[in-house]
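This report considers selected side-chain contacts in one protein chain.

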Amino acid sequence: MSQEEISLKVSGMTCAACANKIEKGLSKIDGVQEANVNFALESTKIKYDPSQTNTQAFEDKIEKLGYKVIHEKAEFDISGMTCAACATKIEKRINKLEGVFSANVNFALEMISVEYDEKNVKPYDMIEAVKKLGYSLIPKQEAKEKMDHKEKEIEKQYGKFLFSTILTLPLLWTMVTHFEFTSFLYMPDMFMNPWVQLALATPVQFVIGAQFYRGAYHAIKNKSANMDVLVALGTSAAYFYSIYLGWEWVSTGRQGMPELYFEAAAIIITLIVLGKLFEVRAKGRTSQALQKLLGLQAKNARVIRDGIESEIPVEEVVVGDTVVIKPGEKVPVDGEILEGRSALDESMITGESIPIDKTVGDPVIGATINKNGSIKIKATKVGKDTALSQIVKVVEEAQGSKANIQRMVDKVSGIFVPIVVLVAVLTFLVWYLIITPGDLRSAIIPLISILVIACPCALGLATPTSIMAGSGRAAEMGLLFKGGEHLENTQSIQTVVLDKTGTVTKGEPELTDISVTNDFIEKDVMYYLGSAEKNSEHPLAQAIVNGVRNEGVSLNEPSQFEAIPGYGIRAVVDNKEVLAGTRKLMDQHSINFKNALSQIEVLESEGKTAMLIAIDGQFAGVVAVADTVKETSKEAVKRMLELDLEVVMLTGDNERTANAIAKQVGISHVIAEVIPEQKSAEIEKLQQQGKKVAMVGDGINDAPALAMADIGMAIGTGTDVAIEAADITLMRGDLNSVVDAIQMSRKTMRNIKQNLFFAFFYNTAAIPIAAVGLLAPWVAGAAMAFSSVSVVLNALRLQKVKL
C-alpha cells in the first residue's frame, strides 16, 4: 500500500477542541492512515493512500467542519505560449506538482495563479517544471513593468512581421500572377526560379518560423500537441515538398515552370505573425479598464507634519497623517475629514455621477476628486489597503480566474489538436490512395490546409478575453465581480432576496412627520423637542435633532435631562418641562393624548415610529421618525420585475413595518421578523424549491445569508470593498446595481457564446472544406489568423456596454 504525507495550514481554530474535531473528521476519511492537528502551529499533517483519497477531500472535510485551509498564492507571467493547448499543458504540469492545490492559466492575460503548500513545493520548482515544457514563468510583474513588457512584445512582433512581409511579397506576387484575370501584371522571370523562391522562403520558414518549431519540439517531447505542431507540420510539408518539386524540375531538364508551394508556407507564417501582432495589441486593450483604475491614483500628497506643510509622493503617506486637499485635486488616500466641507466626485470608484457633499467626520476615498472646498483629512488607509487598491486586486483576481465554461473549453482544446492531426493524415491517405492514386501533389494541399485552419488559438481566447473585458467594464460601473465564475453564474439568477435596512432603505432614521395641537406653534414645539433631545445618544433622538436643525431652528442646552429606558426622555428647557416618548410615558404623567390616537395608528401602519410630546404638562403633538426608502429602490425593484425576477424582502423588523416599506417599493413577497442567524435558513428554503437565489445585503449581519446564496451581493460603501462573504460588491448603495450586475453577466455570457461559435464552429466547419481540396493553404492561414482577431475584437465590444 502506497503512502503519501501532506501538511495543511488551518485557520479558524479557537481551542484544542477544534483541533480534536478536525483530527477526528479527517481520520474518518477512507484512505487516511493518520491525521495529526497541531493547534499551536495551526497546521495538520495527514498520511494517506493516494489511490483512495486526495488533498481536495481533506480540504472539503475541513471546510465542512467550519474551518478554512490557508494556501500560499503565487502569480507568474508566462512567456512562450502560442495557443490554448499550451495553456492547458502548463496548467496540467503545475497541478501535478506535489503540494499544488490549484493552478489556473489565463491564456488571454498570459499569466498563471497557483495556490500551493510552501512545505511541499516552492515557486522555483514551478519555474523549473514549466521550463522543461519550453516556456518561461516570470514572477508577477508590476503593472508598469507589464505594460513595458507588452510594448516590447508588440515591437518584437511588428519587427518579425515586417521582415517576413518583405521576403514574402515577391512569393505572393508569383502566386497572384498565376490567375488568368491578373495575366496583364508583370512578373520578373527571376522570381519564378525555384532557387530564388527557396532563398526567399527559407529565412521565413526557419528564422520567423523558429518559434513554431521550438514550440512543436517541446510539445511532442512532452507527449502533447498544440498550435505550433499544426503550423510546423503544415508549413514544413509545403516547404519540403516544394524543394522536392524544384529538384524534380532540375533533374527532368527544366521543362516549363514547376508548381511550387514556397509561397503557401511563407504566406501562412506571415499571416499568423500578423494575427499575433493584432492579438497582442487587442489583448492589451482588454485590460485597459484595469490600467484606467491604476491611473486614477494621485501621484503626490500635501501633508502637514510638525506644523509644516510639504508635498510628498503618495507612497510615503502613513496612517494618521493630516493631508490637505485643495479644490480640483485628487484625494490621495482614504481618510476622514478633519476640517472643511466640500462636494466630492466619486464616479471613478462607485459609478455614481452626482458629486456627494461631505463635511467633518465623513469618510473620503482615495482617487476621488475634490470639487469645490478646501479640506483637511486624516489618512486612515494607505497603500494596498485603500479602496482603489482593493478594487484593482478584486478585478485582477476576477480577470485571472476561470469560468466553468472555460474549463470545458480547456478540455476540448486539449484533445482538439491530436484529432485534427489524425483527420489531416487520414485525408492525405484518402487523396493519395483513393481519389488521386499516387499523386502526392493533390494529396498534400488538403493536408496543409487542414493542419493550418484548425489551430485552436481563437478557442483559447474566446472566454478569458470576454471575462477580462466584462469584469473591467463592470468595475468602471461600480460592480466588482470576485471571479469569472460569479460573472458567469449571475446570469442564471431567478430570485433576488433583499435585506431591508441599509439596502432597500437608507439605514438611518429621519424625521418624517410633525403635527402639533392647536394650542402650540410648530416652530416652538420643534425648538423645545430638539433642545430636549440634544444630549440623547439614541439614534431616534439624533434623527429628531438633525431634522429640527434642517428646518433652521436654533437649539438651546437643557438645564436638566433624564433618559427613561423603554419610555422616552424628560428634560427642562428654558424652565419648561419637556416629555417625549411612548404612550406609557404620557399615561405616567397623566397627559391626555386621546385625540391623537388615530393619527398615531396611521403613522405606525406606515412603518414609522411615533413619539408623543408634552410641554409643561400639556399634550403638544406627535412626531414620527422612520428609516426612509432610498430614492432609487422603487425604480430598481421595477427593473427587477421587468426582468422576470422574483423579488423577496428579508428583514428582522416587525411585519407591519416590513410590509409598509415593501408596499412603497413594489415588493409583494416579505419574510419578516427573522434574526440574522436564521436568514441563511430562509435562503436555503428558496433554493430547495429549485430557485437560483441572489442575496443582497450590507455584508455585516447578512454574511451567513450572503455565503449561502448562489450569488451574494454586498452593498459596498466605497471604503471597504473586499467583503469576504460576497461574490459581488456593489460599490454604490443603489439597488439599480443589482440589475446592472445581472445584465452585465447576461451580456458577457452572450459574448462568450458568440466567441465560442466564431472559434469552434468556424474552425470545424472549415475542416471538411479543406478536406475536399476547396481551401488553398494560404487562405487557411489567413482565416486561422483572423479568427483569433475577430474573437478578441468581439470581446472588446463589452468595454462599450451601457445599461
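## A charged surface patch

K92 has a relative accessibility of 52%, and therefore it counts as exposed, since the term applies to values over 50%. The model under discussion is a predicted one. K92 belongs to helix α3, which covers residues 84-95. On the surface, K92 gathers with R93, K96, K132 and K221 in a patch of positive charge.

## Aromatic pairs

In the whole structure, 9 aromatic pairs are found. In one of them, the ring centres of Y239 and F262 are 5.6 Å apart and the ring planes stand at 70 degrees, so this pair is edge-to-face.

A stacked aromatic pair is formed by F428 and Y432, with 5.8 Å from centre to centre and 5 degrees between the planes. Helix α14 (residues 404-435) holds both F428 and Y432, which are 4 residues apart, or about one turn of the helix. Y432 has a relative accessible area of 30% and is partly exposed.

Aromatic residues can also be grouped into a cluster. One such cluster consists of F206, Y213, Y239, F240 and F262.

## Salt bridges

Side chains of opposite charge can pair when their charged atoms come close. The structure has a count of 23 salt bridges. Among them is the one between E339 and K376, whose closest N and O atoms are 3.9 Å apart. E339 is in strand β12 (residues 334-339) and K376 is in strand β17 (residues 375-381), so the pair ties together parts that are 37 residues apart in sequence. E339 is partly exposed at 46% relative accessibility, and K376 is partly exposed at 27%.

What is the distance between the closest N and O atoms in the salt bridge of K358 with E346? In this salt bridge, those atoms are 3.1 Å apart. K358 is buried, with a relative accessible area of 11%, and E346 is buried as well, with 5%.

K679 forms a salt bridge with D499, in which the closest N and O atoms are 3.0 Å apart. This pair links distant parts of the chain, as K679 lies in helix α25 (residues 676-688) and D499 in strand β19 (residues 495-499), 180 residues apart. K679 and D499 are both buried.

Salt bridges can also join into a network. R639, R732, D734 and D740 are linked in this way.

Note on methods
Residues numbered from 1 in each chain as written. Predicted model: local features only at pLDDT ≥ 70, side-chain atom pairs only at ≥ 80, totals over all residues. Heavy atoms only, no water. Patch = residues over 30% accessible without salt bridge, like charges linked within 9 Å, V, L, I, M, F, W, Y side chains within 5 Å. Areas by Shrake-Rupley, 256 points an atom, 1.4 Å probe, with all protein chains shown as cover. Salt bridge = Lys/Arg side-chain N within 4 Å of Asp/Glu carboxyl O. Lys, Arg positive; Asp, Glu negative; His and termini not counted. Charge placed at Lys NZ, Arg CZ, Asp CG, Glu CD. Helix = DSSP H or I, 4+ residues; strand = E, 2+ residues; numbered from the N terminus. Buried < 20%, exposed > 50% of the residue type's maximum accessible area, 1.4 Å probe, protein only. Phe/Tyr/Trp six-rings, centres within 6.5 Å; stacked < 30°, edge-to-face > 60°.
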